[in-house]
Amino acid sequence: MKIFCSRANPTTGSVEWLEEDEHYDYHQEIARSSYADMLHDKDRNIKYYQGIRAAVSRVKDRGQKALVLDIGTGTGLLSMMAVTAGADFCYAIEVFKPMADAAVKIVEKNGFSDKILVINKHSTEVTVGPEGDMPCRANILVTELFDTELIGEGALPSYEHAHRHLVEENCEAVPHRATIYAQLVESRRMWSWNKLFPIHLQTSLGEQVIVPPVDLENCPGAPSVCDIQLNQVSPADFTVLSDVLPMFSIDFSKQVSSSAACHSRQFEPLTSGRAQVVLSWWDIEMDPEGKIRCTTAPFWAHSDPEEMQWRDHWMQCVYFLPQEEPVVQGSALCLVAHHDDYCVWYSLQRTSPEKNERVHQMRPVCDCQAHLLWNRPRFGEINDQDRTDRYIQALSTVLKPDSVCLCVSDGSLLSVLAHHLGVEQVFTVESSAASHKLLRKIFKANHLEDKINIIEKRPELLTSEDLKSRKVSLLLGEPFFTTSLLPWHSLYFWYVRTAVDQHLGPGAVVMPQAASLHAVVVEFRDLWRIRSPCGDCEGFDVHIMDDMIKRALDFRESREAEPHPLWEYPCRSLSEPRQILAFDFRQLVPPRPLCAEGTMELRRPGRSHAAVLWMEYHLTPECTLSTGLLEPADPEGGCCWNPHCKQAVYFFSPVLDPRAPLGGPQTVSYVVEFHPGTGDITMEFRLADTPDSPLLGNKVA
């Protein structure tokens with residue numbers, strides 16, 4: 001049987017559905033899963049083990065059999081903990097079949113098959129009774145259904161159903177309780193991820209300002225949470241306006257409701273400022289007394305910052321208020337947390353919701369188009385004035401008063417820059433209805449409706465009539481395309497440049513004029529954990545899970561570079577950056593592949609975890625923009641990454657555990673090939689002491 005999977009196609013700039021082997025999808029799911037990260041989360045594992053032991057003891061002390069329901073068992077780890085703690089029987093629920101099959105093998109490997117039954121169903125499909133999946137209700141409920149937002153993976157509906165149908169009233173629950181915390185802050189940096197700021201540019205006519213449309217300013221933004229590694233945001237990037245506020249708690253040992261609700265906390269601002277952002281996290285208490293506690297708090301709110309557990313499966317939340325609001329030190333306000341069955345959002349009220357009939361329960365939804373077209377990093381990129389200034393500087397060196405400019409990038413404001421810098425005629429191509437509608441709003445807000453021509457079609461389909469029979473003297477791109485997942489996907493610009501060649505006049509300038517692919521070998525401080533084998537987890541053998549992940553990574557398409565925003569994941573460079581491939585946009589896409597082969601010398605001691613790749617765009621010979629490293633590494637190898645872009649991480653296999661002794665290879669060899677027919681890049685990076693394997697075995701589309 002075949003299945004259809006989506007893939008970005010760099011030759012067309014679109015996402016296409018391709019027919020793949022029936023096993024493809026689950027290999028991808030396993031390869032990109034957080035199982036390894038969770039198994040390496042020692043704090044989580046220890047706290048769960050302690051909570052399970054305590055729950056089993058309480059049931060046994062009442063003279064009852066300990067019957068455990070483990071929802072979302074994954075590897076079966078929590079069920080094995082329960083049996084080891086004295087549980088009489090465990091029903092381990094896992095809906096993902098490959099994972100359920102692995103759990104059966106892991107349970108058998110560890111000798112618990114007689115006391116753990118793995119049920120491959122969604123918990124809401126499990127039945128109780130003589131002919132059911134469970135003969136009777138359980139009296140201990142163990143779950144790990146939580147994401148960064150706590151409830152985003154459907155924890156509330158699952159708990160609601162379990163209490164109604166699968167567990168006894170007032171059962172023991174591990175965790176017993178969860179509490180969500182919030183802190184109000186002012187942060188220009190984080191606010192720039194959600195709103196379009198006025199953009200300033202100096203021209204021969206003086207300063208010009210690109211202003212955002214009113215409906216964009218009034219839009220509440222995207223409905224989804226922004227989850228990040230908050231510990232990597234500098235305290236200098238925000239001003240704390242409130243104490244940490246416990247917003248609401250959920251008791252998992254009692255009936256849980258998934259109905260929409262709101263919870264308010266009155267507070268007095270610590271200082272005056274502009275309320276813009278709510279930072280949020282949660283903790284779970286594994287026992288009724290709250291003595292066994294696992295928290296996702298950032299370092300400044302953590303009880304023991306030196307002993308913080310790094311994890312990527314649970315991070316912290318950034319929520320944007322619908323509008324920024326002035327607050328005055330000491331003047332009481334109410335922060336309101338709203339939630340439905342899957343999402344949390346916040347509002348700021350002058351009085352408590354009970355007295356304010358205007359409090360809205362509806363989840364915020366974008367109605368301005370911008371949040372549908374631009375993600376949070378893209379907002380930050382457009383709001384980066386230094387980046388804008390570099391485009392202005394580069395444009396100023398090539399523009400002439402009689403220039404005819406064609407802009408090709410999704411929802412880009414370069415056309416506005418070109419107009420204000422004096423271009424005679426500006427065309428911009430927008431292939432999506434969303435970007436077309438958004439740019440029309442921006443042009444109208446800046447009185448440019450009749451100054452810039454928007455062409456709503458794919459650039460490959462441009463005709464001379466679309467360009468009013470004019471020849472283009474400047475082809476301009478950032479380049480940015482919404483379908484780009486990996487840095488080199490924006491090479492679609494090169495294909496567009498080739499397709500519109502007939503519309504370019506003699507001596508036409510292409511900007512950027514070239515691009516280059518770069519790489520560096522790094523040692524991660526923490527990110528290695530998501531790809532490192534676990535082996536033994538709290539005394540249980542999970543090698544079967546390690547092998548399953550390895551097989552998934554070795555599967556044809558799963559062993560490829562992954563996009564990660566590396567400003568959130570500190571690392572050290574072990575080699576000098578190396579240019580791997582060059583792409584000359586002044587020329588057409590070549591008919592033959594571009595290939596590079598070589599070695600990278602490791603100049604600093606460390607454990608080689610991965611090669612990181614990024615693109616650099618050469619606007620002019622004097623001006624280059626990097627999507628990766630922004631400056632040379634410091635003497636220790638510390639890296640400064642572009643915060644608006646995701647870099648591509650190619651993990652070496654196996655990923656080396658930092659607890660392993662130093663030493664090993666001194667060089668990394670590579671073969672990288674660009675295939676113009678498909679836009680694919682195939683690559684292999686290999687540590688010097690890695691056994692030989694077929695080169696070019698890893699396809700990165």
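## The parallel sheet

Cys 407 has Leu 476 as its bridge partner in E23. The model is a predicted one. The two strands concerned are E20 (residues 404-408) and E23 (residues 472-476), which pair in the parallel sense over 3 bridges.

Strands E20 and E23 belong to an open sheet of 5 strands, in the order E22-E21-E20-E23-E24, with parallel pairing. At the edges are strand E22 (452-455) and strand E24 (504-511), each of which pairs on one side only. From one strand to the next, the twist averages 20 degrees.

## Helices across the parallel sheet

Two helices lie across strands of this sheet. Helix H11 (residues 385-398) lies across E23 and E24, and its direction is at about 160 degrees to E24. Helix H13 (residues 433-445) lies across strand E21 (425-429) and E22, running at about 170 degrees to E22.

The loop between H13 and E22 contains His 447. His 447 is not a glycine, yet its phi is positive, at about 60 degrees.

## The antiparallel sheet

A second open sheet has 3 strands in the order E14-E18-E19, and its pairing is antiparallel. Strand E14 (261-267) and strand E19 (344-349) each have a single partner strand, so one side of each is left without a neighbour in the sheet. Direction ignored, neighbouring strands here are turned by 20 degrees against each other on average.

Strand E18 (residues 333-339) runs antiparallel to E19 and is joined to E19 by 6 bridges. Within this pairing, His 339 stands opposite Val 344 in E19. In general, the strands of a sheet pair through backbone hydrogen bonds, either parallel or antiparallel.

## Packing of H3 and H4

Two packed helices are described by the angle between their axes and the distance between the axes. For helix H3 (residues 42-61) and helix H4 (residues 77-84), the angle is about 40 degrees and the axes are 9 Å apart. That angle makes H3 oblique to H4. The crossing in which H3 passes H4 is right-handed.

Which residues in H3 meet H4? On the H3 side they are Arg 44, Asn 45, Tyr 48, Tyr 49, Ile 52 and Val 56. On the H4 side they are Leu 77, Leu 78, Met 81, Ala 82 and Thr 84. By type, the residues of this contact divide into 8 nonpolar, 2 polar and 1 charged.

## Salt bridges

The structure holds 35 salt bridges. One of them joins the side chains of Arg 177 and Glu 285, with a distance of 2.3 Å from N to O. This pair links distant parts of the chain, as the two residues are 108 residues apart. Arg 177 is in strand E8 (residues 177-186), whereas Glu 285 is in strand E15 (residues 273-285).

## Cis peptide bonds

The peptide bond from Val 174 to Pro 175 is cis, and its omega is near 0 degrees. Pro 175 is in the loop between strand E7 (167-174) and E8.

Pro 512 lies in the loop between E24 and strand E25 (514-524).

Technical notes:
Residues numbered from 1 in each chain as written. Predicted model: local features only at pLDDT ≥ 70, side-chain atom pairs only at ≥ 80, totals over all residues. Heavy atoms only, no water. Axes fitted to C-alpha atoms, helices over the stretch in contact; angles between N-to-C directions. Helix = DSSP H or I, 4+ residues; strand = E, 2+ residues; numbered from the N terminus. Parallel < 35°, antiparallel > 145°, perpendicular 65-115°, else oblique. Left-handed = near helix turned anticlockwise from the far one by under 90°. Contact = heavy atoms within 4.5 Å. Nonpolar A, V, L, I, M, F, W, Y, C, P; charged D, E, K, R; others polar. Pairing = 2+ DSSP bridges. Salt bridge = Lys/Arg side-chain N within 4 Å of Asp/Glu carboxyl O.
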